[in-house]
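Reader: I'd like to learn how to read a few features off a model. Can we go through them one by one?

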Amino acid sequence: MELVELWVPGLLESGRTSMGGRGGAATQPGIRVGPTSEFSLFFRVKAGQAQPLRAALLALQDTPGYRPGDYGMAIQTIHEARFVLFDDDTRLAFITSFDGPWDAYMEDFFTSGPTLALFDVIFGHVEGYDGLPDVAAVRAFVLGAEQTAAAYARNYGGTVKEIRTAQRVNAAFQQVLDHPEAAEALQHPALQPLLDEAAV
């Protein structure tokens, strides 16, 4: 499987966006669109570890916050995340996107408690992982497995926080619309844009 990197303006040759300005050396993996960066890791599964790895992935999937419909992952800047076993279960991919700077994302990961422990078990089934508690080694391991996407696009703007705020505002507005005494108040011209959007 050949992985191709893409150079676009604003990206370093490695495909990592600069975080340190002209004189800074810090870099952020992945292509960034607005506040959000794509992030993909590729690993080789240890021989004979495919089934234990699947069991570890199922344990993560069954963790509160990660179960379908929970929408409560410990790292709250993540839009979505997936693990994919491929090449006859000899390779593992972890693919996600997150908001904000790379350092903040990694800090959230290292302070995620039970989630970090589950990832530690998962990574224990792939080559090159020495495990916790050496955080610097884990960070280097993660960066060593990262491959910047050849192309990345999003179909909506906004961070996870902004989207959740918009959902709460929408839910509250729907309650207003359902209130029996709201009809008169909603006749004010200033509220017409809200009513137009609610009708879409």
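Reader: Which residue forms a salt bridge with Arg67, and how far apart are the closest N and O atoms?

Author: Side chains of opposite charge can pair when their charged atoms come close. A salt bridge here is a side-chain nitrogen of Lys or Arg within 4 Å of a carboxyl oxygen of Asp or Glu. Arg67 pairs with Asp70, and their closest N and O atoms are 3.1 Å apart. Before we go on, some ground rules: this is a predicted model, where local features need pLDDT of at least 70, side-chain atom pairs count only at pLDDT 80 or more, and totals for chains, interfaces and linings use all residues. Residues are numbered from 1 along each chain as its sequence is written, and side-chain values use heavy atoms, with hydrogens and water left out.

Reader: Are Arg67 and Asp70 buried, exposed or partly exposed?

Author: Go by relative accessible area: buried is under 20%, exposed is over 50%, and partly exposed is in between (1.4 Å probe, protein chains only). Arg67 comes out at 35% and Asp70 at 31%, so each counts as partly exposed.

Reader: How many salt bridges does the structure hold?

Author: Three. One of them joins Arg54 to Asp89, with the closest N and O atoms 3.0 Å apart. Arg54 sits in helix α1 (residues 50–61) and Asp89 in the loop between β5 (78–86) and β6 (91–99), so this pair ties together parts that are 35 residues apart in sequence. Those labels come from DSSP runs, numbered from the N terminus: helices are H or I with at least four residues, strands are E with at least two. Arg54 itself is partly exposed, at 37%.

Reader: What about Asp103 and Arg139: what is the N to O distance in their salt bridge?

Author: That one is 3.8 Å. Asp103 belongs to helix α2 (residues 102–110) and Arg139 to helix α4 (residues 135–145), so the pair links parts 36 residues apart in sequence. Asp103 is partly exposed at 44%, and Arg139 is partly exposed at 25%.

Reader: Now helix packing. At what angle do the axes of α1 and α3 cross?

Author: Axes are lines fitted to C-alpha atoms, for helices over the stretch in contact, and angles run from 0 to 180 degrees between N-to-C directions. The axes of α1 and helix α3 (residues 114–123) cross at roughly 165° and come within 9 Å.

Reader: Which residues meet where α1 and α3 touch?

Author: Contact means heavy atoms within 4.5 Å. On the α1 side you have Leu53, Ala56, Leu57, Ala59 and Leu60; they meet Leu118, Phe119, Val121 and Ile122 in α3. By class, that contact has nine nonpolar, no polar and no charged residues. Nonpolar covers Ala, Val, Leu, Ile, Met, Phe, Trp, Tyr, Cys and Pro; charged covers Asp, Glu, Lys and Arg; the others, Gly among them, are polar.

Reader: Where is Thr159, and is it buried or exposed?

Author: Thr159 is in the loop between α4 and α5 (160–178). At 16% relative accessible area, Thr159 is buried. Leaving out residues up to four places away in sequence, Thr159 touches Pro35, His79 and Asp99.

Reader: And zooming out, how many helices and strands does the chain have?

Author: Seven helices and six strands. Buried residues make up 35% of the 200 residues in the chain.
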